[in-house]
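This report describes the architecture of a protein model and the contacts between its parts. The sequence and structure come first, followed by the computed description.

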Amino acid sequence: MSDVNSSPVSRRDFIGTGAKLGAFLAAAPYVARGAAGAAKADQLNVALIGCGEQGRILTNAALPIPGVRFKAVCDIWPYNLTRTERLLKKFGHEARPFEDYREMLSSVSDIDAVIIATPDFMHAEHTNAALRAGKHVYCEKLMSNTVEGARSMVVTARETKKLLQLGHQRRSNPRYQHARDRILNGDRLLGRVTNISGQWHRAVSDDYGYPANQAIVEAKLGKYGYANMHEFRNWRWFKRYAGGPMSDLGAHQIDMYNWMLGSNPRSCMASGGTDYYKTHEWFDNAIAIFEFPTKDGMVRASYQVLTTTSAGGGYHEYFMGDEGALKLSENPKYTKLYREARAPEWDQWVAKGIVASPTSGEGAPAAVKPWEKVGVKKLGGPSKSAGVDVRETAALSAWDIPVTLDKAIHQPHLENFVDAVRKGTPLSCPGESAFATAVTVLKINEAIAAQKTLMFKPEDFVA
Amino acid sequence: MNEQSSSPRTEYGYAFLILRLWLGLRALFAGLEKFESKGSYSFAAYYENMGRMATGISGASFLPLWSTKLFAFSIGYLLLVFGLTLLLGIKTRLTLVAHGLLYVALSFGLMVVQEAEGVAWLGMHVVLTVGALLLVRYNRFAVTRD
Ligand SMILES: NC(=O)c1ccc[n+]([C@@H]2O[C@H](COP(=O)([O-])OP(=O)(O)OC[C@H]3O[C@@H](n4cnc5c(N)ncnc54)[C@H](O)[C@@H]3O)[C@@H](O)[C@H]2O)c1
């Protein structure tokens, strides 16, 4: 099934053939064979390049998808390669191991799609090679550490007419889709959105190490572009391999700014520095401000990434409007919806299943012990006159989004990719729109270096 | 101050009356609220509320459900009876003893589920009942004399 439109035998054709055969011959054996054949027709053979942390997460998320078969795995580090090969074996997938992706692409002929989870500076090379070999590609974010690399990926996908999905998985998350399609846009519960703030605050962590007996020799590291083992393991903090925390963490969330607003920014100003870590090149503390022109007016959006503290509420994207606010996070515990006191009541949206009254956490009625009588009003809580300043506005009421994701967070995005390959359904994050995100994100590092506001032109976002 | 406006007996009498009225009202309303659900009172609500209480306590402790149910389904009626008898002053001494024991039993239910705040809350009722028992000999304005 290497091309969506030229699948040799579709599932329906095959079952149809089986039924006709059944008319001539004793039915049962052929029905059984037909079913097995149908399963084969639905099979999608995949290969993985990059068997590190994310490679394994994607493998685990892809394994439950019916019909997905891992045929090959590729990694330059035998330690990770063997671990993934063993993981796949445990689930009955005989994936051939390779060090060189070129050899893999040329010698395993029945691969339909390639999943790429290598460091960002390799994405363009790996993606372009896989696309040119006639494979569909699911490549991790950030698309590339350079705009040119990202552009080449879109161009190659266009030329080869193969599918290219980028790993901004929030786009396939049903909670995010509900938030965008029903809350923010459809029923416009936030009113006029004027501001977004987003953040990823992460506590100090040690650099990655490696088992002493698993070090790769320097000559081999050099061949693949790495200076030494420390940089090979901690590539995300070095400028020649990646775009730093704005690209590593911010890319996901800034992608949500563009995607939720359906717009690209017109300017970017930013500040950042490597203030804490002695062993990193990239910033550990950075903040950016964008201006997004939208059909409703200007939206100003700030984004902050800190790798020195987890204080300040973890990671979220916070969309604020004149009637409500929406705090979204991949982690449901940081997700909340708020209604301004001046906005119309939301009872009708509760009835329609668009929002939910919280049953636990913020906004939920006080917890009742299992033996206590329910519905008893308790005294206490802040009084109406608790405001400190007369200009304080009434508190927002807290609500929940009644949509949850009951799978691994990357699975729906992989499913979306698999469906696109099999059925031609639209990709959640095709190369063209991921390119706009890459342009947005990479501009931040440029703005920090330039120490001034940089402007975008609409054509910057077109590959 | 060698001139006294009333004898200590009279003050003890009033002190006890106040305590009796408070305990009586408290017991009456503690019993009544067990019949309430969403603003209306019924026997169905009583069995629902008390069923929840019994399963909640049994679920969180070693007490078997039959024992918590037996207690929970009778407690509302007992409180109503004690409330009325205290308010009217009927068999006050006996009522106070039974009322005190009832609150000890209630406290026991919360002790086994480690509900320290609730135990302290009920403990106040026990202390007030003990105080009432110490003053019961000054009982006045009562329908029956003990
Ligand atoms: N979508 C998400 O939520 C998410 C989360 C984490 C990481 N990522 C992305 O996934 C990618 C990988 O990140 P990671 O955390 O797994 O890094 P990692 O360092 O754990 O894994 C990278 C793997 O790629 C291998 N590799 C390096 N160069 C190679 C080459 N030339 N050929 C073949 N293999 C090579 C390494 O040996 C390693 O096993 C990055 O692009 C990162 O941004 C995405």
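## Sheet, domains and interfaces

Nine strands of chain A form an open sheet with mixed pairing, in the order E14-E13-E12-E11-E7-E10-E9-E8-E15. Strand E14 (397–399) and strand E15 (454–455) of chain A stand at its edges with a single partner strand each, so one side of each has no neighbour in the sheet. Two strands are taken to pair if DSSP finds at least two bridges between them. Helices (H or I, at least four residues) and strands (E, at least two) are DSSP runs, numbered from the N terminus. Strands of a sheet pair through backbone hydrogen bonds, either parallel or antiparallel. Strand E9 (residues 285–294) and strand E10 (residues 297–306) of chain A run antiparallel and are joined by ten bridges. In this pairing A:Ile287 stands opposite A:Gln304 of E10(A).

The model is predicted: local features need pLDDT of at least 70 and side-chain atom pairs count only at pLDDT 80 or more, whereas totals for chains, interfaces and linings use all residues. Residues are numbered from 1 along each chain as its sequence is written, chains are lettered from A and ligands numbered from 1 in the order in which they are written, and side-chain values use heavy atoms, with hydrogens and water left out.

### The two domains of chain A

The domain assignment divides chain A into domain 1 (44–170) and domain 2 (171–364 + 392–407 + 427–461); such bounds come from an automatic or database domain assignment. The C-alpha centres of domain 1 and domain 2 of chain A are 25 Å apart. In contact (heavy atoms within 4.5 Å) are 27 residues of domain 1 of chain A and 45 residues of domain 2 of chain A. The two domains of chain A bury about 3200 Å² between them, with 61% of it on carbon and sulfur atoms. Of the area that domain 1 of chain A buries against domain 2 of chain A, 30% is supplied by A:Trp77, A:His168 and A:Arg170, more than by any other three residues. Buried area here is the accessible area (1.4 Å probe) that two parts lose on being put together, summed over both.

Five salt bridges are counted between domain 1 and domain 2 of chain A, and 19 residue pairs across this interface are in polar contact, both residues being at pLDDT 80 or more. A polar contact is a pair of N or O atoms within 3.5 Å; within protein, one must be able to donate a hydrogen and the other to accept it, and residues adjacent in sequence count only if both atoms are side-chain atoms. On the side of domain 1 of chain A that touches domain 2 of chain A, the elements giving two or more residues are helix H4 (78–90), helix H7 (147–160) and strand E6 (164–166) of chain A. H7(A) gives the most, with five residues. The residues of this side of domain 1 of chain A divide into 14 nonpolar, seven polar and six charged. In this classification Ala, Val, Leu, Ile, Met, Phe, Trp, Tyr, Cys and Pro count as nonpolar, Asp, Glu, Lys and Arg as charged, and the others, Gly among them, as polar.

### Chain B against chain A

Chain B has five helices and two strands, which follow the pattern α-β-β-α-α-α-α along the sequence. Eleven residues from chain B and seven residues from chain A take part in the contact. Chain B and chain A bury about 770 Å² between them, 51% of it on carbon and sulfur atoms. B:Arg52, B:Gly56 and B:Glu115 supply 56% of the area that chain B buries against chain A, more than any other three residues. Three salt bridges cross the interface of chain B and chain A. Helix H2 (residues 43–59) of chain B gives the largest share of the side of chain B that touches chain A, five residues.

### Individual salt bridges and backbone features

The whole structure has 27 salt bridges over all chains, each a side-chain nitrogen of Lys or Arg within 4 Å of a carboxyl oxygen of Asp or Glu. The table lists examples.

| A:Lys141 | A:Asp248 | 3.8 Å |

A:Arg151 and A:Glu148 are separated by about one helical turn, because they are three residues apart in helix H7 of chain A. A cis peptide bond, with omega about -25°, joins A:Lys141 and A:Leu142. A:Lys161, in the loop between H7 and E6 of chain A, has a positive phi near 60°.
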